Amino acid sequence: MALPFRRSAIGTTIAVDSWEAEVLYPIQNSVRNVLDISGIWDFKTDPDGIGEAHGWANGLEGARPMAVPGSWNEQYDDLFGYLDLAWYVKKVYVPSGWRGQRVFLRVGSAVYFATVYVNGVKVGTHEGGHLPFAFEITDRVRWGEENVIAISVENVLRPDRVPSGNMPGSDMSLFASTPKTTYDFYPFAGIHRPVVLYSVPQTYIADVTVVTTIEPQAAVRVTVKLNAPVAGIGTVQLRGGDDVYKADLAFTDGVAETTLTVPDARLWSDKDPYLYDLTVKTEEDEYSLKVGIRTIAVRGGQILLNGQPVKLNGFGRHEDFIASGKGLNLPLLVKDYQLMKWTGANAYRTSHYPYSEEEMQLADREGFLIIDEIPAVSLQMADEANFPARLRMCLQQIEELIARDKNHPAVVMWCVANEPMPRGFGVGTLGESDPALEAINMPGKQFLDTLLARARELDPTRPVTLVTVMGGPQNWMENCDVICMNRYWGWYTLGGQLDIARQKLEAELDQVWERFHKPIILTEFGADTIAGYHGKPDLMWTEEYQAQYIRLHLEVAAARDFIAGMQVWNFADFAAVQSVMRVGGLNHKGVFTRIRTPKMAAHVLREFWVR
Ligand code: BDP
């Protein structure tokens, strides 16, 4: 049964459509079970939307095989441009040992709108890609026989969605793209992360929130919520090597909280990503997760990790690869971490949407510092008619993201938007503060301030930010804890003129610092580069130009203490929409190619970052 509400991370109950965020990552232990039902599913497109009426939820005729997780666009040529409705069906047994427990069906991510059916009956819907959702299906399970799981998914591009597409007039613009996104990556569609069945006891641990502090001595505060407002008892145990710390829990109205002090704690950091094992036990249930003891704060122009200044050097990235599209690809994940470490990077931004939970776990383990971003990429802020719908989605995504990722030590900042596009945007004011531009963009500022405030309210322990576009109104940065700027001096502006580009970059950074006195991260700077294309002189698009361009940016940053991180756009070449800007349908700003071969620029990064 799908409940018509969900619990948020901070315990309020918010009425939403028909889905329920079961926030905890499903795990296997002696009382909980997980069955991954990813694999090859039956698949069929439904451009006319007849599937539901024709009973496709019971099985598909003329289906073709489709891998889950994976984007359908990369698996079949004829589906490359298809973004409309499609159905996935799989038949599964639910293990008989799960009888008597509550059974859930959970999807790690389906882009963009999903409807889930079990044995022909609709159990819920979810809007928004890149974040997990789950429905309780206990009453729908057929024990001892096959169950038909059907999931319909569509990724129709619409102005009122987040991210948006198909903006009026977008066909006729000089840089019109196919498909008509407002953003620069391919709008891959499908079930992108694992689909699992899991079971929990009747009264189960619905949420665990961990907050760590280090002064006066290290402490771990654990808040546990049950699925029902009942009384009860439990325990919390934190283990690190031979050290074990324990405390009792006493539940009132389904909530209990305790704080463990950890003398001589081994702190989590990018250099020593030490993880403790935390286990919560209640009368019926048990749940375990990894805990890194660390603090993150901002002071003047610095970001402090455990009270010490840290720089967030690394990349903007994408979940993107041949054949898997945006689907979870574990070997690629491991390889990318190896390559990022090889460059000396210690950080990245999940541009432009939340990445997989498996990736966040790897970041905890490998010691990466993550700016965690919702899919609010390039929202058009002149288009106020669509504000209410987009605001609803942005707030939902902030809530879902923080609920999902709040316990990851690797996550050090929430980012509520990338390059919101202002009204009156033009090159005239590039790099300068412009009161007139700020004045006409106050509605956009209010929209963004609402998002920043919501993230801060849900999680007061992490800085919040948004990423600004070159030439946008500077006052949009005002309420960020850390200033994040994407700048393309020497590429989109002053291309081929790196000397003047350097001066413009320096002037702009210094002016923004003078105005806000907050740490600045250059969250994007990059130059498209065709691997293997060389030149002397080093013209734009050559490997030499990219190497020079990146070197100058890192030099400018090195001379400024208030630069708290440099994140190259992009880690690897990635699939973009078709347009005159994107040779072969790829964005070529990677320092690695799409198949992960380093370009010259990757070696420049090593020079600056490997210590
Ligand atoms: C920025 C966007 C990013 C693009 C990049 C580029 O944030 O998504 O891919 O520019 O143009 O505007 O390469």
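This is a predicted model: local features need pLDDT of at least 70, side-chain atom pairs count only at pLDDT 80 or more; totals for chains, interfaces and linings use all residues.
Q: OK, what is the bridge partner of Val236 in E18?
A: Val236 is bridged to Ala247 of E18.

Q: How many bridges join E17 to E18, and do they run parallel or antiparallel?
A: Strand E17, residues 232-240, is joined to E18 by 9 bridges, and the two run antiparallel.

Q: What is the strand order in that sheet?
A: The order is E18-E17-E20-E21, in an open sheet of 4 strands with antiparallel pairing.

Q: Which strands stand at the edges, and why is one side of each left without a neighbour?
A: Strands E18 (243-251) and E21 (286-291) are at the edges. Each has a single partner strand, so one side of each lacks a neighbour in the sheet.

Q: And the twist, what does it average?
A: From one strand to the next, the twist averages 15°.

Q: Switching to packing. Which residues touch the most other members of the largest nonpolar core?
A: Trp72, Ile151, Leu312 and Ile550, out of 141 residues in that core.

Q: Which helix gives the most to this core?
A: Helix H8, residues 543-558, with 8 residues.

Q: Where does this core lie relative to the domains?
A: Domain 1 (5-200) and domain 3 (312-609) both contribute residues, so the core lies between them.

Q: Back to Ile151, what is it in contact with beyond four places in sequence?
A: Its contacts include Trp41, Trp87, Tyr88, Val107, Ile191 and Val195.

Q: Which residues does the second core include?
A: That separate core has 30 residues, among them Val208, Leu226, Leu249 and Ile293.

Key
Residues are numbered from 1 along each chain as its sequence is written. Side-chain values use heavy atoms; hydrogens and water are left out. Two strands pair if DSSP finds at least two bridges between them. Axes are lines fitted to C-alpha atoms, for helices over the stretch in contact, and angles run from 0 to 180 degrees between N-to-C directions. A nonpolar core is a set of buried Ala, Val, Leu, Ile, Met, Phe, Trp, Tyr and Cys residues joined through side-chain atoms within 4.5 Å. Buried means under 20% relative accessible area, exposed over 50%, partly exposed in between (1.4 Å probe, protein chains only). Domain bounds come from an automatic or database domain assignment. Contact means heavy atoms within 4.5 Å.
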